[in-house]
Amino acid sequence: MVNFRMSENIKIAFTLNGEVVNLEVEPDQTLLSALRDNLGMTGVKEGCSIGECGTCTVIVDGKATKSCIALAAAFDGREIVTIEGLANGDQLHPIQEAFIEKNAIQCGFCTPGFIMSALAYLEKHPRPRREEIRKAISGNLCRCTGYEQIVDAIEYYANEMEEAQ
Amino acid sequence: MPLFAEGNKKYSHINKFCPRVDAKEKVTGRADYAADLVFPDMLFGGSLHGPYTHAKVKRICVEKALAVPGVRAVLTYKDLNKPFSWGYYTYMTEILRYEGDVVAIVAADTKHALEAGLEAIDVEYEELPAVYTIDEAMADGAPLVHENNEDCAGNIWSHARCKVRKGDVDVAFTDCDVIVEREYETQAVEHLYLEPEAAVAVPEKNGCMTVYACAANPFFGRRWIADSLGIPRSKARLVQTTIGGSFGGKEELMGLTIGRASLLADATGHPVKMVISREESIVCSSKRHPFKFKYKAGVNKDGKLQALQVTLIEDVGAYHMHEFMSFRAVVHAAGAYVIPNVKVDILGVFTNTVTSGAMRGYSSPQIIYAQEQFYEEVAEELGMDFLAFKKSNMLHKGAIHPCGQELNEEVILPEIIENLCAKTDFEGKRKKYANQTGDKRKGIGMSIFHRGCGLGNESIDASAAYICVHDDGSVMVNVGLVENGQGLHTAYSQIVAETLGVPVEKILVNKVDTNTILDSGPTVASRCTVMGAQSVRKAAQELKSYLKETAAMMFHTESPDQVALEDGMFILIGVPDAAIPFHEVCNVHHWTGGQSGVMNWYKPPKLSFSCKTGFGDAFPTYSYSVCVAEVEVDYKTGEITVEKVTSGHDVGTVINPETSKGQIFGGIAMGQGFAMMENLAIKDGKIRNKNLDTFMIASSMDTPEMEAILFECEDKTGTYGAKSLGENATEGVASAIINALHNATGERINKIPINKVKMFELLHK
Ligand code: FES
Ligand code: FES
């Protein structure tokens, strides 16, 4: 394959879903592109490419991050979790179970982004009110569900977590 | 009371919640959307759009583009064997008719090379005069969007013609006590499915072309492949990928993308992936038709509607494929009311703007917004309470529909209205809100509407299903209609489970592969459960009869009628403990040569309505809905808050209450956007707000409190008595909001969307 661009690639390493990965990225390559194109993490979606829809959300060092507006080269040494990192084989993460149980999924294109945003938020705010959940996920758009059952699922998961403690 | 409650109808697998069968792949990120696919030696494809809304290509030079390292092919209209595509759009064109038209396509090794290749194409244009609005397009001497086109009379599209003719409105109007006339207008609306269009075309060694695409209409997809390459349909194959939303939209741009990817794959001999950017998707994909409405009603002092005349004018945009919409539009133009004399006409007008197409409701959201406000205005002119007026004219069992159809099935509108009025304290609030003062004023509004189920005489509503059992007892189902998020595979799994008598876990419904099932038409018109599932049910019934023969043999009984299949067990009726697990029968069935697969076909009975006569039975049955919206308006700022929407729908039989409610919630958000937020800033035919920073849809902070209420009835027309829901869910929301705004402010809104600024102007005019 011929790459006509002459700019130097950059070598980086980060932790992806618990494992260290080494990769070479182009200087202007987004984190989204690195995750999808170099690392095959296609659960990270591209809905707008300008940071407005949230479908590309991943968790970086505990924080929900829109990977389409982040340059991959800046993530050397960071810890990244994508939707692919949640289930343990066939064993789903409880928030994934909650999304299924509460029918929070339709076309599913927004689903990974919502799950990542919700997880990052709940990590720091374990007992949210419904209004707070709405606010916490307001950077993620969904065209199918009207958000109602997504909020139900996140609330259900948060309650389950609290009961488990 | 026809209010849904689990167990009301005696079913085992439908009529109750079942988790979505596609949920696991979707929550884990494993679902295969088209943009995720990778093939060996795959190239990247892209399109070059012109800078004008109406122009002719004078010169196009591709040499420089071909010289870009990594560029493998550059194609222009000169490489095509005909100017138009299947469906009258253009893959690449010499004449640009709107800003989404394409002059060249490129395939390259990398995305960077693709970009550089597109940039290196040298084009010289001659700009042509253009028309951007219905009025401009219909003016004398207007520039023509399509020159020398036999489908057009000037800019008027000859095919967008349908009508209703019942009684004689001209005579009736002369006898009426009161005549009311109003005009309304609606905007173009973007679908904004979160997944933009994507396709991968893969040339096969045997000369076939396979395209993987998020096509909501796989058999149309197959046509676009065959049409673009000039190959027989038997050599074209469309494989559906997971669809990230469609709402009627993944059709035209999707089809063109399928055609363009096929052309590039054919030219290069490589798989070619085309992923449409959000900007390209907004600029090029079809939109909900903008409409202008003229309503004229004649009523008598007793409050009875005598005559209705409606003219609907749709802005078709630059190209067309939607003559069918004219049918649905005219049939629903009068709404859910009994009117002896009806005359409806529709006109489609070409403009040099984005093309119009199907979007959730296919004319009904626009029409219901106009008509449900109109009838309130008629009641006002009569000095009557609008709800009393509407109720006294409402459709009922045995009534004659405005198109002439006798309604032989239940019409449960009175029950739905009563329920929603009680739930929302509709009458109480309406009176309370009528005379408010102060800066913040509340309002409550209602819409009452109906929807013809399935396609009716709009188009062919036939579909296929193939079901087989394997010798291990697992069940596989191939269908011709697509899961696009609405929950179809879950509904089909539940329907197969109900019919066969095996648990949902044993059943796998496959996505559409056009090589494995007959052309079942498009996934549109909320037809897939009410009508599309009939073939699924029939195939399962037939398969079950074969399996029962084997089970009878295993029970050593003569008659398969002695055998039943329940909960995954074959039993011998009346003989305790005589039971054989499903999989054991399937195994013996296979090894004794039993037929283990069935293809079935369902075509609904013929109906009599035609666009030529404008009279007759238009749909097999109708579903009925009521929507109530509660709003608050800030007089100081014009700010509108939708506080609550309560939405009640007659769905005949609920297949899955949670997925049904999901449709209703999503429909409310979309309907609210239609009424208030979603406006494409189109200036001189060009869309200015091309991405989500400037084009807004509701976020989780914008949606109101919602309540979804499901009703059932005993109408047997649809599969297990089910009716349509997906589109109804959004159709009446805007009109309920607009009527609520009238209750709050006393103002009528004859053009939507209504935003804060427009509201402020209206309040302080
Ligand atoms: S793709 Fe990143 S926010 Fe939309
Ligand atoms: S489920 Fe389709 S966008 Fe959210």
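Q: How much area do chain A and chain B bury between them?
A: This is a predicted model, and in it 50 residues of chain A touch 59 residues of chain B. Carbon and sulfur atoms carry 59% of the area buried there. The two chains bury about 4,300 Å² between them.

Q: Which residue of chain A forms a salt bridge with Glu678(B)?
A: The count between chain A and chain B is 5 salt bridges. In the one made by Glu678(B), the closest N and O atoms sit 2.7 Å apart. That is inside the 4 Å cut-off, so the pair counts as a salt bridge. The partner is Arg143(A).

Q: Which helix of chain A gives the most to the side that touches chain B?
A: Helix 1 (31-38), helix 2 (94-101), helix 3 (111-124), helix 4 (130-136) and helix 5 (148-164) of chain A each give two or more residues to that side. The top contribution is 4 residues. It comes from helix 2.

Q: How many residues does domain 1 of chain A bring to its contact with domain 2 of chain A?
A: Chain A splits into domain 1 (10-85) and domain 2 (94-164), with 21 Å between their centres over C-alpha atoms. Domain 2 puts in 14 residues. Domain 1 brings 18 residues.

Q: Which residues of domain 1 of chain A lose the most area to domain 2 of chain A?
A: The two domains bury about 1,100 Å² between them, 65% of it on carbon and sulfur atoms. Three residues together make up 38% of what the domain 1 side buries. They are Thr57(A), Ile59(A) and Ile83(A).

How values were computed: Residues are numbered from 1 along each chain as its sequence is written. Chains are lettered from A and ligands numbered from 1 in the order in which they are written. This is a predicted model: local features need pLDDT of at least 70, side-chain atom pairs count only at pLDDT 80 or more; totals for chains, interfaces and linings use all residues. Side-chain values use heavy atoms; hydrogens and water are left out. Contact means heavy atoms within 4.5 Å. Buried area is the accessible area (1.4 Å probe) that two parts lose on being put together, summed over both. A salt bridge is a side-chain nitrogen of Lys or Arg within 4 Å of a carboxyl oxygen of Asp or Glu. Domain bounds come from an automatic or database domain assignment.
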